[in-house]
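Keep the picture open as you read, and look for each part as it is named.

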Amino acid sequence: MQMTTDAPLPQTTQHPMSLHIGIECDHGGAGRVISELMTHLPDAGFGFRGILANQPNNAVDHSTVRSFAPERAGLIRRLHSARTSIRAALNEFKPDIVASHFAMYSAPGSTS
């Protein structure tokens, strides 16, 4: 066994970043899941960012969750906006984890 007397390397604490893609937050179903993750993941040591189809309510921190399409946008516009927003978020946040809570919106952003 070899022993060294070198000083330990400084450790930087960096939390894993998670990106969540979905329809909405704070309303039943998948929206409730995203809302709960947004509330509890930071306490567990994870960064949280969300990209949603519908505009988050006023109680949501808009620096954490963004909408990618106007409420009354058609399907083609939503899919195009999802693709653009997901790619921008991947480049900006460099997430360690990407979770899709609505597959239809996630698929356009996953292709190159």
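## A first question

Is phenylalanine 68 buried or exposed? In this predicted model, phenylalanine 68 has a relative accessibility of 6%. The cut-off for buried is under 20%, so phenylalanine 68 counts as buried.

## The aromatic cluster

Let us stay with that ring for a moment. A search through the whole structure turns up 2 aromatic pairs. In one of them, the ring centres of phenylalanine 68 and tyrosine 105 are 5.2 Å apart. Their planes meet at 75 degrees, so this pair is called edge-to-face. You can find phenylalanine 68 in the loop between β3 and α2 (75-93), while tyrosine 105 belongs to helix α3 (residues 103-106). These parts are 37 residues apart in sequence, so the pair ties them together.

Tyrosine 105 is buried too, with a relative accessible area of 7%. Its ring also pairs with that of phenylalanine 102: here the centres are 4.9 Å apart and the planes stand at 50 degrees, so the pair is tilted. Phenylalanine 102 itself counts as partly exposed, at 28% relative accessibility. Taken together, the ring pairs link Phe68, Phe102 and Tyr105 into a cluster.

## The sheet

Now turn to the strands. Strands of a sheet pair through backbone hydrogen bonds, and they can do this in a parallel or an antiparallel way. Here you see an open sheet of 4 strands, with parallel pairing and the order β3-β2-β1-β4. Which strands stand at the edges? They are β3 (65-67) and β4 (97-100); each has a single partner strand, so one side of each is left without a neighbour in the sheet. From one strand to the next, the twist averages 15 degrees.

Take a look at β1 (residues 17-22) and β2 (residues 47-52), which run parallel and are joined by 6 bridges. Within this region, isoleucine 21 stands opposite isoleucine 51 in β2. Helix α1 (residues 30-40) packs on the sheet, where it touches β1, β2 and β3. The direction of α1 makes about 155 degrees with that of β2.

## A residue in a loop

One more stop is threonine 64, which sits in the loop between β2 and β3. Is threonine 64 buried or exposed? Its relative accessible area is 14%, so threonine 64 is buried. Leaving aside residues up to four places away in sequence, threonine 64 touches Met38, Phe48, Arg49 and Gly50.

Key: Residues numbered from 1 in each chain as written. Predicted model: local features only at pLDDT ≥ 70, side-chain atom pairs only at ≥ 80, totals over all residues. Heavy atoms only, no water. Pairing = 2+ DSSP bridges. Helix = DSSP H or I, 4+ residues; strand = E, 2+ residues; numbered from the N terminus. Axes fitted to C-alpha atoms, helices over the stretch in contact; angles between N-to-C directions. Contact = heavy atoms within 4.5 Å. Buried < 20%, exposed > 50% of the residue type's maximum accessible area, 1.4 Å probe, protein only. Phe/Tyr/Trp six-rings, centres within 6.5 Å; stacked < 30°, edge-to-face > 60°.
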